[in-house]
Amino acid sequence: MKTSKHASRRAKPLSSGEKSPAAPGLRERKQQQTRERLKRAAMALFLERGFETTTIDDIAAAADVSRRSFFHYFASKEDVVAAWQEDAAAALVSEILARPADESMLTAAENAIAAAVKRIDPTEAAAMSRLKRDNPALHARDQLKYEKLERALADGLTQRSGRKSDRLKARLVAMIATGAMRVGGESWIGEGAREKPEAFVKRTFDAIRAILK
């Protein structure tokens with residue numbers, strides 16, 4: 001049976017100096033699964049009961065772990081929300097790196113954000129945004145999240161470009177994109193979250209381009 005060219009490329013053997021990426025061990029996989037279970041349980045309880053009324057014991061019980069195990073993964077309830085946001089930022093950077101090379105930085109950022117929000121349940125996203133808006137501690141950390149996201153986007157855009165000389169341009173586009181997410185998200189909630197998130201992303205970036213003309 002003949003092997004296709006694409007298959008042969010995928011099956012390319014490692015050279016003598018290369019090492020295959022180390023797969024996570026059983027212990028690490030179990031830790032990742034427990035962390036994810038805690039995060040999902042916490043977010044579900046926050047949305048159902050509210051952030052303040054949900055206790056760490058509630059989260060641990062819902063995730064079927066001990067209170068001590070919770071603190072092995074998270075220092076506080078706020079840290080669970082922060083972890084959820086950090087995972088979303090990492091997914092967004094991955095989307096940036098996957099965009100076609102012929103797209104401008106701004107278009108790549110727009111399309112990456114649109115692709116990322118398509119995977120989010122709009123009802124859950126709206127509830128989560130209101131939760132953060134109405135809780136002072138979460139709101140303060142949410143603002144810090146945007147600073148971290150801006151740096152991550154700038155790094156992703158620079159890496160995608162492959163040219164250090166594009167670093168300033170990448171930082172400016174990251175600033176614009178992060179601002180679009182923050183202001184756009186607030187406007188989306190303010191308008192009742194009726195529009196599909198990806199459609200709102202397009203409308204937000206259309207407004208940005210109109211300003212930049």
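Me: What pLDDT does the chain average, and what share of the residues score at least 70?
Reply: This is a predicted model. Its chain averages a pLDDT of 82, and 88% of the residues score at least 70.

Me: Which elements have the lowest and the highest mean pLDDT?
Reply: The lowest mean pLDDT, 40, belongs to helix 1 (residues 5–10), and the highest, 95, to helix 3 (residues 56–62). Over residues 1–21 the pLDDT is below 50, and this stretch has three contacts in the model beyond near neighbours in sequence. Where pLDDT is low, the predicted coordinates should not be read in detail.

Me: Turning to packing, at what angle do helix 7 and helix 8 pack?
Reply: Helix 7 (residues 122–134) and helix 8 (residues 136–161) pack at about 110 degrees, and their axes are 5 Å apart. The two helices are therefore roughly perpendicular to each other.

Me: Which residues make that contact?
Reply: Helix 7 contributes Leu 131, Lys 132, Arg 133 and Asp 134, while helix 8 contributes Pro 136, Leu 138, His 139, Asp 142 and Lys 145. By class, the contact has five charged, three nonpolar and one polar residues.

Me: Is Glu 103 buried or exposed?
Reply: Glu 103 is buried, because its relative accessible area is 16%, under the 20% cut-off.

Me: Which side chain does Glu 103 contact at 2.7 Å, and which at 2.9 Å?
Reply: The side chain of Glu 103 makes a polar contact of 2.7 Å with the side chain of Arg 99. Another polar contact, of 2.9 Å, joins the side chains of Glu 103 and Asn 111.

Terms used. Residues are numbered from 1 along each chain as its sequence is written. This is a predicted model: local features need pLDDT of at least 70, side-chain atom pairs count only at pLDDT 80 or more; totals for chains, interfaces and linings use all residues. Side-chain values use heavy atoms; hydrogens and water are left out. pLDDT is the predictor's confidence in each residue, from 0 to 100. Helices (H or I, at least four residues) and strands (E, at least two) are DSSP runs, numbered from the N terminus. Contact means heavy atoms within 4.5 Å. Axes are lines fitted to C-alpha atoms, for helices over the stretch in contact, and angles run from 0 to 180 degrees between N-to-C directions. Angles under 35 degrees count as roughly parallel, over 145 as roughly antiparallel, 65 to 115 as roughly perpendicular and the rest as oblique. Ala, Val, Leu, Ile, Met, Phe, Trp, Tyr, Cys and Pro count as nonpolar, Asp, Glu, Lys and Arg as charged, and the others, Gly among them, as polar. Buried means under 20% relative accessible area, exposed over 50%, partly exposed in between (1.4 Å probe, protein chains only). A polar contact is a pair of N or O atoms within 3.5 Å; within protein, one must be able to donate a hydrogen and the other to accept it, and residues adjacent in sequence count only if both atoms are side-chain atoms.
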